[in-house]
Amino acid sequence: MAFVEMVKIFKVYPPDVVALSGVDLSLERGEIHSVVGENGAGKSTLMRILYGMVKPSAGFIFIDGKRVSINSPSKAMELGIGMVHQEFMLVPSFTVYENVILGQERTVAGFISKAEVKVQVQKIIDAYGFDIDSNAQVSQLSVAAQQKVEIIKQLYRRIELLILDEPTAVLTPQESDELFERILELKRRGKTIVFISHKLDEVLKISDRITVLRKGEKIATVENKSITASELAKMMVGKSVAFQIDKKPYNPKEEVLLIRDLHLRSEKTGKALLDGVEISARAGEIVGIAGVEGNGQYELVQTIIGTIKPDKGKILVNNIDVTAMSIRDRRKLICYVPQDRKYVALALKASILENLIMTHHLKKDFQKGLFSINWKKARQSASEMTKRFEIVHRNLEEQPQVLSGGNQQKVVVAREFSLDHNLILLDQPTRGLDIASTEYIHKLIIQMRDSLKAVLLISADLDELMQLSDRLYVMRNGRIVAHLVPTEVDLHTVGKYMLGAVD
């Protein structure tokens, strides 16, 4: 008898969006079971149903053969099911143990015994090999350490099944390896793990069984014995996917971006967010920026695009000093794909047409008189973009919010790449995208590089950086700590620089 069974699960969102269509999922005690699929395949919806966040339209859930109704996360936890989300749910100003017990405080005569609670939390930390101080303030912890706190929280609630949603998305290879050790320890102690990830090499490394979803349907559940990443990807997408990026040897030309001695301090804490950063990018090359999130990458992007003014230093684009320029003037020189496509890159309630011509409308050939847009020209241009960048849509009046994540990103990329500026600034361009969409965006980036654009690529995906970049800078604590050639180093070496394990 399976530990957990989900039988004929359907989920339909009004009016007629079928997210899940009769999906079965069986989980055994003490196994690591991965659930994979493209964005929109239904894996997140399925897990949210299991965790009580979403109510199914039809279907049944059984635990140890007994039918159960899971109508809330608290009911899921009562039944021994816990979930660690991609976005952590921690209180930064609280200590580790305070976050662990939050909502599960055990009191004596109305008071919490801190000494007793600390002992209980420490027992969990020691038993599962979590190297963490229960008295540490969460705001001072690394992303990997915060993730440990989330797992310890679930263990404190005595869960038997733990759902991990994209747990390695922002971890270094070393941090991922350590997480896998902790997951294997959970398995050894009889816990069941559901592992959701886009990284198929990690899925194959850690899983006992793998369930593949596609377009809301279960394609198969397979034993992790001889299956390959290519075979898994084909099951997910319905066609073969190339994992190796085909890239010509690069031949860089003139310098397009030059950043000299860039400094920025936090107004609140006085901490150095950027500390003497020096970076260059030439026409015909992709320059990657690696680093654990929160080490200055965000501030670097914002100083380049102009939303943050540096305390010191210079930024030159095409030999023009843009350091004091307005954002509008910089946009005449820079193509920019922000990391947040929904709230920064797109106006979700505007039309696809309006989103595609943003920034373009400032060009003279899009203007009609002093205060109006040449909509005939705009529509023609937008239509050409949708064809060139293979944007799947019904019509140009449709809103981007109804598109898939991949097609939303194509709208952003189509608009920016069509500006035809010499510098392309990419901040997490494939975050949250499925394999097929990621492959497509990668090909476009290579095309831009081969058409002699200078590409500055910031990404939390180290595999992506290593495959795409011609040169790679590593940032730590707001400083450039390494300047590397990806073909001459491996992932773990880059990870060491990211973590400060090498000078």
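Guide: Two strands pair if DSSP finds at least two bridges between them; strands (E, at least two residues) and helices (H or I, at least four) are DSSP runs numbered from the N terminus. This is a predicted model, in which local features need pLDDT of at least 70 and side-chain atom pairs count only at pLDDT 80 or more, while totals for chains, interfaces and linings use all residues. Residues are numbered from 1 along each chain as its sequence is written, and side-chain values use heavy atoms, with hydrogens and water left out.

Visitor: How do you know that strand S4 joins S5?

Guide: The antiparallel strands S4 (residues 58-63) and S5 are joined by 3 bridges, and at least two are required, so they pair. Ile63 has Lys66 in S5 as its bridge partner.

Visitor: What makes S2 and S5 edge strands?

Guide: The open antiparallel sheet has 4 strands in the order S2-S1-S4-S5. Strands S2 (17-27) and S5 (66-68) each pair on one side only.

Visitor: Why is the pair of Phe60 and Phe62 called tilted?

Guide: Rings of Phe, Tyr and Trp (its six-membered ring) pair if their centres lie within 6.5 Å; planes under 30 degrees apart count as stacked, over 60 as edge-to-face and the rest as tilted. The centres here are 6.5 Å apart and the planes at 45°, so the pair is tilted.

Visitor: Why does Phe60 count as partly exposed?

Guide: Buried means under 20% relative accessible area, exposed over 50%, and partly exposed in between (1.4 Å probe, protein chains only). Phe60 has 35% relative accessibility, and therefore counts as partly exposed. Phe62, with 23%, is also partly exposed.
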